[in-house]
Amino acid sequence: MSKNNEIEKRLEELANNLEKAKLHEYVDFVNNKKRLLYVNFLGGLARGFGMAIGFTILGALAIYFLNRIISWNIPLIGDFIAEIVRIVQERL
């Protein structure tokens with residue numbers, strides 16, 4: 001009998017752990033194609049928007065630091081960077 005009680009106890013623990021993991025909610029989510037498509041679409045929009053904002057900030061910082069390097073008047077590097085910054089500013 002103790003073997004059956006031990007098995008029942010383990011099954012109960014397993015059932016509780018599966019309930020805590022909310023596996024049934026995940027399966028319901030995956031089976032609902034419209035909701036899955038909607039959530040993934042919104043996630044893609046958020047990632048794309050975040051990348052665009054991040055790249056804009058990173059590009060602005062790069063141009064700022066390149067302008068600072070130009071002001072140091074380093075002979076070869078300064079002229080090269082000045083040309084790059086001029087090209088970028090023309091295309092904005």
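Visitor: Okay, what does Glu-83 form a salt bridge with?
Guide: Its partner is Arg-86, and the closest N and O atoms are 2.3 Å apart. Keep in mind that this is a predicted model.

Visitor: Where do Glu-83 and Arg-86 lie?
Guide: Both are in helix α4, 3 residues apart, which is about one turn of the helix.

Visitor: Is Glu-90 buried or exposed?
Guide: Glu-90 has a relative accessible area of 56%, and the cut-off for exposed is over 50%, so Glu-90 counts as exposed.

Visitor: What about Glu-83 and Arg-86, what do they count as?
Guide: Glu-83 is partly exposed, with a relative accessible area of 37%. Arg-86 is partly exposed as well, at 38% relative accessibility.

Visitor: Switching to Arg-91: where does that one lie?
Guide: Arg-91 is in helix α4. With a relative accessible area of 73%, Arg-91 is exposed.

Visitor: How many residues apart along the chain are Arg-91 and Met-51?
Guide: They're 40 residues apart, and their C-alpha atoms are separated by 21 Å.

Visitor: New topic, helix packing. At what angle do α3 and α4 pack?
Guide: About 140°, with their axes 9 Å apart. For reference, α3 covers residues 33-71 and α4 covers residues 75-91.

Visitor: Why is that oblique?
Guide: Because roughly antiparallel needs an angle over 145 degrees, the angle of about 140° makes α3 oblique to α4.

Visitor: Left-handed or right-handed crossing?
Guide: Left-handed, as α3 passes α4.

Visitor: Which residues make the contact?
Guide: From α3, it's Ile-63, Leu-66, Asn-67, Ile-69 and Ile-70. On the α4 side you have Ile-77, Gly-78, Ile-81, Ala-82, Val-85, Val-88 and Gln-89.

Visitor: How do the residues of that contact divide into nonpolar, polar and charged?
Guide: The contact of α3 with α4 has 9 nonpolar residues and 3 polar ones, with no charged residues.

Key
Residues are numbered from 1 along each chain as its sequence is written. This is a predicted model: local features need pLDDT of at least 70, side-chain atom pairs count only at pLDDT 80 or more; totals for chains, interfaces and linings use all residues. Side-chain values use heavy atoms; hydrogens and water are left out. Axes are lines fitted to C-alpha atoms, for helices over the stretch in contact, and angles run from 0 to 180 degrees between N-to-C directions. Helices (H or I, at least four residues) and strands (E, at least two) are DSSP runs, numbered from the N terminus. Angles under 35 degrees count as roughly parallel, over 145 as roughly antiparallel, 65 to 115 as roughly perpendicular and the rest as oblique. A crossing is left-handed if the near helix is turned anticlockwise from the far one by less than a right angle, and right-handed if clockwise. Contact means heavy atoms within 4.5 Å. Ala, Val, Leu, Ile, Met, Phe, Trp, Tyr, Cys and Pro count as nonpolar, Asp, Glu, Lys and Arg as charged, and the others, Gly among them, as polar. Buried means under 20% relative accessible area, exposed over 50%, partly exposed in between (1.4 Å probe, protein chains only). A salt bridge is a side-chain nitrogen of Lys or Arg within 4 Å of a carboxyl oxygen of Asp or Glu.
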